[in-house]
2 protein chains.
Amino acid sequence: MAPQHAAKRPQHFAEETVGSLMDFDFICVPESYTVGETFKYLRKNVHGKANIHYSYVIDPLGVLVGVLSLRQLLGAEEDQVLQDIMSPATLRLDYELDQEQAAKIFQDCDLVTLPVVDSNGRMIGVLHVDEMMDVMQQEATEDIHKMASISVDDDEEDKGLLESSFGWLYKKRIGWLVILVFVNLLSGAGIASYEDLLGKYLHIVFFLPLLIASGGNAGSQSTTLVIRAMAVGDVTVKDWFKVISKEALVSFALGLTMAVAISLIGYYRGNAYNVGAETAMIVAIAMVVVVMFGSLLGAILPFIFRLFKLDPATASTPLITSICDIAGVFIYLGTASLFLVFD
Amino acid sequence: MAPQHAAKRPQHFAEETVGSLMDFDFICVPESYTVGETFKYLRKNVHGKANIHYSYVIDPLGVLVGVLSLRQLLGAEEDQVLQDIMSPATLRLDYELDQEQAAKIFQDCDLVTLPVVDSNGRMIGVLHVDEMMDVMQQEATEDIHKMASISVDDDEEDKGLLESSFGWLYKKRIGWLVILVFVNLLSGAGIASYEDLLGKYLHIVFFLPLLIASGGNAGSQSTTLVIRAMAVGDVTVKDWFKVISKEALVSFALGLTMAVAISLIGYYRGNAYNVGAETAMIVAIAMVVVVMFGSLLGAILPFIFRLFKLDPATASTPLITSICDIAGVFIYLGTASLFLVFD
């Protein structure tokens, strides 16, 4: 039997799968060949082939059964049969596998090329690690964009910032911005419901931007840590309790530190209205609660999105910030109305 | 002359350079060898060596002069001299090169291994593309963390979210959070300076969270687009004018769309104070100006950081958001005080 490309290629490869990225420039040899026959075949066929670091060994049905590196061939005797010296081809990629998962496999296995098989195990191509570098870059860019509330359309190619058109950039950005406008209106509605309080103690407004922003800042940090840890495979859904409980502790400490930083200023500004101690208390309590709320929301949301089969990176920092704004208004002004007397 | 590892290794390799990542498992052959001699040498030396896809050809001083792939060797005649069949080793990495730049070179060149040389051009090691996958992942994580105001210490290894200690997480996050507290206090000071206006037209406060947040949201998007484009090499410092002018156009369109979305609500709420038209006008104008301010700040800041040799990713979304908060207060309340009469 003459060596040959083993199987008929499937006709269509879905976007962002191994099939769409694989290379058909590879060498297949039958398991019955000797080392000598293999070398003769290689010498005759290497011209025009770029990838001969590995030869893939197939059975008569074209099913991938083993792998041979040139190193193994060079170290073997002329009359040995491939079957006896080949390594089993345990690492193989299904052509339908998602490119991101393929990249993770390459990262773990230290190989530069992996064989690609069809559903019958027949050898149909090879995937090279350099394709994976582009995949990793592209996936990181998509995540980073999503985390800043920039829409990512999987079907469209990112041409880069310089080349992309005005209309494309507008479309990528306007959707989330308008959604967030309406989310942020709720903060305004929250403020409006405390008009009586603010009418009497206007100094309370002084701390409002700070308190609502602090929740968003802490939440941006925690959501970023969790989303990235999920993306690189450090954290999976089953780790949720460990992540959340650690975040509760850390965010309590962060909130406390920040509360100390501003309660003195609260005392000073409140004094003008004869409510110095109350104001110091209000801003300190509100700061701890707001920072913990933002941090825990930021840590939980990626898990919830993943649970609903959505990309965790949808928990963008502007989304967290906007939700924290609303919560911050109610937490802060709610706390204030507990400690301050007004009609 | 017997083939040998060419040069004495430099004694110390700095962190995050090619030298710290390279591998010493490579094959060097003198340029005077024939193909036959080379094969004999390979057969004797392949055991224990993992990386023999390329043989590196050196001159008598150990200087790298060429590269030979096994494919080239297999395709050549036994008595040809390496000098005559080798490819010039044009792609070589200096051992002091930054790992991030090495990753870019790998991405562009389609090779799985590159030779590493010392300052005299002597061959001292090889770098493999799989090391670059870890580098790319690590660099992306660092950028993503910085963009969320999480400190990145280059000397410390990131153990991952699950493994890292309470104290380490606290330290990574508290610095920027406290800095941002004081930045956000300026927003409060801005509000305080318009106490008279707000005392008379309290409905103006209703739109305050929305307007300051919108600048931050648009700014988060633009800074993320620019930082990421710089990281992947799409945009360099010399592109600043093209980027900023495009951002001016896009952000004007974004601001206009968002202004339309809220000016109706502005009219409705202002009516209660008999200043419906004025309020609609104020929120619309402020929205366009705030969104343009945030977007342009977000686009310019990474260029400025780069100019001062700082990491562009220092232009974090919380930093942009906080600066936009301050600017938003003054832009919005300043516009309001132009259109509304108060004492």
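Visitor: Where does B:Lys309 lie in chain B?

Guide: B:Lys309 lies in the loop between helix H12 (276-307) and H13 of chain B. Keep in mind that this is a predicted model.

Visitor: Why is B:Lys309 called exposed?

Guide: Its relative accessible area is 78%. Exposed means over 50%. The value passes that cut-off, so B:Lys309 counts as exposed.

Visitor: What is the phi of B:Lys309?

Guide: Phi is positive, about 65 degrees, although B:Lys309 is not a glycine.

Visitor: Now A:Asn274. How do you know whether A:Asn274 is buried or exposed?

Guide: Compare the number with the cut-offs. A:Asn274 has a relative accessible area of 68%. Buried would need a value under 20%, exposed one over 50%. A:Asn274 is therefore exposed.

Visitor: Where is the place of A:Asn274, and what is its phi?

Guide: A:Asn274 sits in the loop between helix H11 (240-271) and helix H12 (276-307) of chain A. Its phi is near 60 degrees, a positive value in a residue other than glycine.

Visitor: On to B:Phe330. Why does B:Phe330 count as partly exposed?

Guide: B:Phe330 has 39% relative accessibility. Buried stops under 20% and exposed starts over 50%, with partly exposed in between. The value falls in between, so partly exposed is the class.

Visitor: Where is the place of B:Phe330, and with which residues is B:Phe330 in contact?

Guide: B:Phe330 belongs to helix H13 (residues 317-339) of chain B. Leaving aside neighbours within four places in sequence, B:Phe330 is in contact with B:Gly190, B:Ser193, B:Tyr194 and B:Thr335. B:Ile191 is 139 residues away from B:Phe330 in sequence, yet their C-alpha atoms are 7.8 Å apart in space.

Visitor: In chain A, what makes H7(A) and H13(A) roughly parallel?

Guide: Helix H7 (residues 166-192) and helix H13 (residues 317-339) of chain A pack at an angle of about 5 degrees. Angles under 35 degrees count as roughly parallel. H7(A) and H13(A) are therefore roughly parallel to each other. Their axes are 9 Å apart.

Visitor: Which residues of H7(A) and H13(A) meet?

Guide: From H7(A), they include A:Trp176, A:Leu180, A:Val183 and A:Leu186. From H13(A), they include A:Leu319, A:Ile323, A:Asp325, A:Ile326 and A:Phe330. By class, this contact of H7(A) with H13(A) has 12 nonpolar, 4 polar and 1 charged residues.

Visitor: How is chain A divided into domains?

Guide: Domain 1 covers 18-134 and domain 2 covers 166-341. Taken over C-alpha atoms, the centres of these two domains of chain A are separated by 53 Å.

Visitor: Back to chain B. What makes strand E2 of chain B largely enclosed by the rest of the structure?

Guide: Count its buried residues. In strand E2 (residues 54-58) of chain B, 5 of the 5 residues are buried, so E2(B) is largely enclosed. Buried means under 20% relative accessible area. Both faces are covered. B:Tyr54, B:Tyr56 and B:Ile58 lie on one side, B:Ser55 and B:Val57 on the other.

Visitor: Which strands form the open sheet of chain B, and in what order?

Guide: There are 4 strands, in the order E1-E2-E3-E4, with mixed pairing. E1 and strand E4 (87-88) of chain B are called edge strands: each pairs on one side only.

Visitor: How many bridges join E2(B) to strand E1 and to strand E3 of chain B?

Guide: Strand E1 (residues 27-30) of chain B joins E2(B) through 4 bridges, and the two run parallel. B:Ile27 stands opposite B:Ser55, and B:Pro30 has B:Ile58 as its bridge partner. Strand E3 (residues 64-69) of chain B joins E2(B) through 5 bridges, running antiparallel. There, B:Val57 is partnered by B:Gly66. The hairpin of E2(B) and E3(B) has 5 residues between the strands, and B:Gly62 takes a positive phi near 90 degrees.

Visitor: Which helix lies across E1 and E2 of chain B?

Guide: Helix H2 (residues 35-45) of chain B does, running at about 150 degrees to E1(B). Over 145 counts as roughly antiparallel, so H2(B) and E1(B) fall in that class.

Visitor: And in chain A, what order has the open sheet of 3 strands?

Guide: The order is E5-E6-E7 of chain A, with mixed pairing. Strand E5 (93-94) and strand E7 (123-128) of chain A are the edge strands. E5(A) pairs with strand E6 (residues 113-117) of chain A in the parallel sense over 2 bridges. A:Asp94 stands opposite A:Val117 in E6(A).

Methods
Residues are numbered from 1 along each chain as its sequence is written. Chains are lettered from A and ligands numbered from 1 in the order in which they are written. This is a predicted model: local features need pLDDT of at least 70, side-chain atom pairs count only at pLDDT 80 or more; totals for chains, interfaces and linings use all residues. Side-chain values use heavy atoms; hydrogens and water are left out. Two strands pair if DSSP finds at least two bridges between them. Axes are lines fitted to C-alpha atoms, for helices over the stretch in contact, and angles run from 0 to 180 degrees between N-to-C directions. Angles under 35 degrees count as roughly parallel, over 145 as roughly antiparallel, 65 to 115 as roughly perpendicular and the rest as oblique. Contact means heavy atoms within 4.5 Å. Ala, Val, Leu, Ile, Met, Phe, Trp, Tyr, Cys and Pro count as nonpolar, Asp, Glu, Lys and Arg as charged, and the others, Gly among them, as polar. Domain bounds come from an automatic or database domain assignment. Buried means under 20% relative accessible area, exposed over 50%, partly exposed in between (1.4 Å probe, protein chains only).
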